[in-house]
Amino acid sequence: MNDLVTAYLNRLGLDVEPPSLQALTRIHKAHVERIPYETFWIHLQQNWGIDQEESFRRAATTRRGGYCFQLNGGLHILLSQLGYRVSINPANIHGSEGPERTKLENHVAIIAEGLPCESNPNGRWWVDVGLADALHEQMPLMNSTVSQGPMQFVMEAVGEDGVGDWHLTTDPSCWVAGVSMADQPANMSDFMDRHDFNVHSPESGYAKFVTAQLRRPNGKTILRGCVLTKTEGDVVTTQISETLPEWLDVLSDEFGLTFENVPDKSLTTLWQKVQKIHEEWLQSRSNK
């Protein structure tokens, strides 16, 4: 396991160091900047699970990413191995309609404890590298408003009639409006049904669209289908891949994503699907 910890940290560009708030911040920032939120594994039918050790090993030994259950699950193992006091907690992401589900099942977040500072004397933190374009660093688990680069996030304790115990309101630029979380540990096995829905249901957004996303200190880099969007402060640029080699170059150059164990035929088939969806979208716009 120690070799895997070293390999994981090497991917983050970090050295082993004792637990501290400063070290946790370095880990969180490096993670969302270097290990992409990505759903290619779903569309390539790679059948990844959400076992934490599997996710941890994949992050340490490949150049692939994953989605929330896998990214936060793998990071939880890493932080535990480094000596942090951390737990996996059930959560639920939601859109602009606000939190509605009473069963927190479509997301997990990490709580880290024992890391007090002047602005957060209770020493508890919401750690979350599975929100794609949202958090750049951990949030204090207390009523607070925090700016991270050009983005602003709000943490609030939830009242008795609310959903969960804590609510994170994300910046308006993020793909989700907010997240509810319960202040009680869970096991990753509790989310197997939801994971199966995400991967296989025709109603799942994860199964409909392929994406890769990284957070940047002052923005984000997002690929949806064949369209790359880069945000740096107020500057937004887009690039559309026209060929499979160009698309793979974008994935490698912008996200560090490579597909050594994926057959060329599978990548070609996925690219053709992505092209078709993009062409249908262009046609729908021209018909308006």
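## Notebook: sheets, cores, cavities and pockets

**Entry 1. The eight-stranded sheet.** I began with the strand order and found 8 strands in an open, antiparallel sheet that reads S5-S4-S3-S2-S9-S8-S7-S6. The edges are held by strand S5 (139–140) and strand S6 (144–148); each has a single partner strand, so one side of each is left without a neighbour in the sheet. I note that the model is a predicted one.

**Entry 2. Strand S9 and its partners.** I then looked up the pairings of strand S9 (residues 178–181). Strand S2 (residues 85–94) runs antiparallel to S9 and is joined to it by 4 bridges. In this pairing, I found Gly 178 of S9 opposite His 94. Strand S8 (residues 166–169) is also antiparallel to S9, again with 4 bridges. Here Met 181 of S9 stands opposite Trp 166.

Are the residues on the two faces of S9 buried or exposed? I recorded Gly 178 and Ser 180 on one side, Val 179 and Met 181 on the other, and all of them are buried, so to speak of S9 is to speak of a strand covered on both faces.

**Entry 3. The five-stranded sheet.** I turned to the other open sheet, in which 5 strands follow the order S1-S10-S11-S12-S13 with antiparallel pairing. Strand S1 (37–38) and strand S13 (235–240) are at its edges; with a single partner strand each, they have one side left without a neighbour in the sheet. I checked the S1 pairing: S1 meets strand S10 (residues 211–216) in the antiparallel sense over 2 bridges. Within S10, Ala 212 is the bridge partner of Glu 38.

**Entry 4. Nonpolar cores.** I next examined the buried nonpolar residues. In soluble globular proteins, nonpolar side chains tend to be buried together. The largest nonpolar core holds 66 residues, and Leu 78 and Trp 126 touch the most other members. Helix H5 (68–81) gives the most to this core, with 7 residues.

Which residues does Leu 78 touch, not counting residues up to four places away in sequence? I listed Val 5, Tyr 8, Leu 9, Leu 12, Ile 27 and Phe 56. I also found a second, separate core of 20 residues, which includes Leu 44, Leu 223, Leu 270 and Val 274.

**Entry 5. Cavities.** The largest cavity has a volume of about 50 Å³. Its lining consists of Ile 35, Ser 55, Arg 58, Ala 59, Arg 64, Gly 65, Gln 70 and Leu 71. Helix H4 (52–61) and H5 each supply at least two residues of this lining, and H4 gives the most, with 3 residues. By residue class, I counted 3 nonpolar, 3 polar and 2 charged residues in the lining of the largest cavity.

The second largest cavity contains about 40 Å³ of space. I recorded Leu 9, Leu 14, Asp 15, Val 16, Glu 17, Ala 23, Ile 27, Leu 82 and Tyr 84 as its lining. These residues divide into 7 nonpolar, no polar and 2 charged. Leu 9 and Ile 27 of this lining are also among the residues that Leu 78 touches.

**Entry 6. The largest pocket.** I moved on to open space. The largest pocket has about 820 Å³. Of its 34 lining residues, Trp 175, Gly 205, Tyr 206, Phe 209 and Arg 224 are the closest to its centre. At least two lining residues come from each of S2, helix H7 (205–208), S10 and helix H9 (264–286). I noted that H9 has the largest share, 6 residues. The lining of the largest pocket comprises 15 nonpolar, 12 polar and 7 charged residues.

**Entry 7. The second largest pocket.** I found about 190 Å³ of space in the second largest pocket. It is lined by Ile 42, His 43, Leu 44, Gln 45, Val 199, Ala 207, Ser 266, Thr 269, Leu 270 and Lys 273. Helix H3 (40–43) and H9 are the elements that give two or more residues to this lining.

Which element gives the largest share of this lining? H9 does, with 4 residues. I classed the lining of the second largest pocket as 5 nonpolar, 4 polar and 1 charged. Leu 44 and Leu 270 line this pocket and are also included in the second core.

Terms used:
Residues are numbered from 1 along each chain as its sequence is written. This is a predicted model: local features need pLDDT of at least 70, side-chain atom pairs count only at pLDDT 80 or more; totals for chains, interfaces and linings use all residues. Side-chain values use heavy atoms; hydrogens and water are left out. Two strands pair if DSSP finds at least two bridges between them. On a 1 Å grid over the protein atoms alone, a cavity is a set of points where a 1.4 Å probe fits but cannot get out, and a pocket is an open set with protein on both sides within 12 Å along at least five of seven lines; lining residues have an atom within 4 Å of a point. Grid points are joined across faces, edges and corners, and a volume is the space filled by probe spheres set on the points. Ala, Val, Leu, Ile, Met, Phe, Trp, Tyr, Cys and Pro count as nonpolar, Asp, Glu, Lys and Arg as charged, and the others, Gly among them, as polar. A nonpolar core is a set of buried Ala, Val, Leu, Ile, Met, Phe, Trp, Tyr and Cys residues joined through side-chain atoms within 4.5 Å. Buried means under 20% relative accessible area, exposed over 50%, partly exposed in between (1.4 Å probe, protein chains only). Contact means heavy atoms within 4.5 Å.
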